[in-house]
Amino acid sequence: MGRQRACGIFSAFCILYLAFLLTGCLKPEPSADLVIVNGNEPESLDPAIITGLSEMRLTQGLWAGLTRLHPKTVAPIADLADRWEISPDKKVYTFHIRTNALWSTGEPITAEDFVYSWIRAINPETASDYAGQLFPIKNAEEFNAGKIKDSSLVGVHALDPRTLRVELNQPTAFFLDLCAFPTLNIVPRKTIEQYGDRWLMVRPLPASGPYELVTWRLNDKIRMRKNPRYWDAANVRTEVFDFLPIGSPNTALNLYETGAADVVWDKDLIPVELLDDLKNRPDYHTFTYLGTYFFRFNVTHKPFDDPRVRKVFALVINKKRLVEKITKAGEQAASHFVPPGVANYQPVPGLGFDPENARRLLASAGFPGGKGFPRLQYKFFAAAGGAAKLHAKIAVELQQMWRDELGVEIELQQIERKVFYAVQSKLDYDLSQSSWIGDYNDANTFLDMFMTNNGNNRTGWGNARYDELLRAANKETDLKLREKLFQEAESLLIRDELPIVPLYFYVGFNYYDPNKVAGIYPNILDQHPLQDIRKISGSSRRKEALAASADRQERHSLLMPAATRN
């Protein structure tokens, strides 16, 4: 073969190869069956690391737990465990793993997978802010604190490949709820041990939940595909989801209005300026929601190490003005931290609006008329795309109230979201914006985060009496006595010590056309399992719409006070 001919064949091969590549590259990606605007770009998809609601919605599609939440009632129901026994003293749970529980790559899911995943979550090297979710388990807190090094002393053991024994410190009424929480979901041991911090980049990534990860393109989208080996795959209704990380409320609305997205479900993605119009639309849904917006003091910084000064900053905030002028969606001004509606708990009233008392206290703390008060900062976060306008508006309003009523000047600083949480964790702030959404329907989910060693505390505040009250409450089986212990603790938190100041209680929002999308049920935790969500069309549309209408009427009836029902 001559050189010229060989070059000609090679050139033709290259052209064909390039044409093949180009054809492949230009081939459009098939559309997802359903597109959801999910809020900000996730910080991680590691369930032991994440802290945000938008991340949790994603990871619950990928990683399953012993239980999961019912899509309507958010009560815990069986997931990878098909049954369990509870000892008479309610301190030992024996879970039985389903015989058809498999990883998406085909290997069996075993009790050892749970032991590994739970020990990893409480390992201090993992640095999970949510490690406290496992502290009801015997010796879990001590292991997380480094007081014991032997993980075999933690109360979780595999009796055999299908049987998991969990020993608790004391009866914990919400333990089955915790078993559905992302931090307690199982992750693939072999993949993590082999690839370390890059384990989420592996494809195929072994998944234990109803979906497996197809692509994660930063600031573009996350695509998930149905996991055919999930034990309940027959009831997973949507084949492919796309999740769009959008931080701008206006961009989210534009995507929805043009049909590029089917659902917008993050509370920060509602354009406040359009609320009056949106609230009257049939595709706009609002619901009672266990969430509180508040701000934190860094009590390790002067002068906020003085509880009198913290109280001063609380007493001059006109919270009614915040919900009427800024949020405008039906939120309630909050004087306490635990939202109304939490099961078996009546919150204690906190401080009201009392500027005169605030000025007196400020003078007694050494700053009469605000003189000599240091110039401090209030930090709040901004999301990609310019979202979090609400946080900025609230910050400006707080700044004005503190200036007008106290004569003190607080600077505002907006920080990118990922950096913001790191700043909070390092206590590199004076005052900072915050919010908390209940992880389960119990006062503990709001109050235990301010125990001294809780990773979500982020104030520098610790109080031995507060810790003692929380521990006692969680041991108490008498609901009335338990409520009193929680009330005393909450009083310390929002009346006496004030490491935080609650501002308002959230209202839940999302929007989607109920004639086109089914399986989303407004609930107090704003939890929407992916396996139930689906598009509806054609002949099934009317049937699904009628069922959704009946659901809404039933929930409305249940939410009405008993005296006004019927």
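Helices (H or I, at least four residues) and strands (E, at least two) are DSSP runs, numbered from the N terminus. The structure is a predicted model, in which local features need pLDDT of at least 70 and side-chain atom pairs count only at pLDDT 80 or more, while totals for chains, interfaces and linings use all residues. Residues are numbered from 1 along each chain as its sequence is written, and side-chain values use heavy atoms, with hydrogens and water left out.

**View 1. A positive surface patch that includes Lys279.** Lys279, Lys328, Lys389 and Lys393 form a positive surface patch, where a patch is made of residues with over 30% relative accessible area and no salt bridge, like charges being joined within 9 Å. Lys and Arg count as positive, and the place of a Lys charge is taken as NZ. Lys279 is placed in the loop between helix H8 (275-278) and strand E12 (284-297). With 38% relative accessibility, Lys279 counts as partly exposed, a class that lies between buried (under 20% relative accessible area) and exposed (over 50%), with a 1.4 Å probe and protein chains only; the accessible areas come from the Shrake-Rupley method.

View 2. Side chains of opposite charge can pair when their charged atoms come close. In a salt bridge, a side-chain nitrogen of Lys or Arg lies within 4 Å of a carboxyl oxygen of Asp or Glu, and the structure holds 32 of these pairs. For Arg83 and Asp82, the closest N and O atoms are 3.5 Å apart. Arg83 is partly exposed at 45% relative accessibility, and Asp82 is partly exposed with a relative accessible area of 35%.

**View 3. The salt bridge between Arg471 and Glu141.** In this pair, the closest N and O atoms are 3.1 Å apart. Arg471 is partly exposed, its relative accessible area being 37%, whereas Glu141 counts as buried at 18% relative accessibility.

**View 4. The salt bridge between Lys480 and Glu483.** The side chains of Lys480 and Glu483 meet at 3.7 Å, N to O. Both residues lie in helix H16 (residues 479-496), three residues apart, which is about one turn of the helix. Lys480 is exposed, with a relative accessible area of 59%, whereas Glu483 is buried, with a relative accessible area of 11%.

Notes:
Patch = residues over 30% accessible without salt bridge, like charges linked within 9 Å, V, L, I, M, F, W, Y side chains within 5 Å. Areas by Shrake-Rupley, 256 points an atom, 1.4 Å probe, with all protein chains shown as cover.
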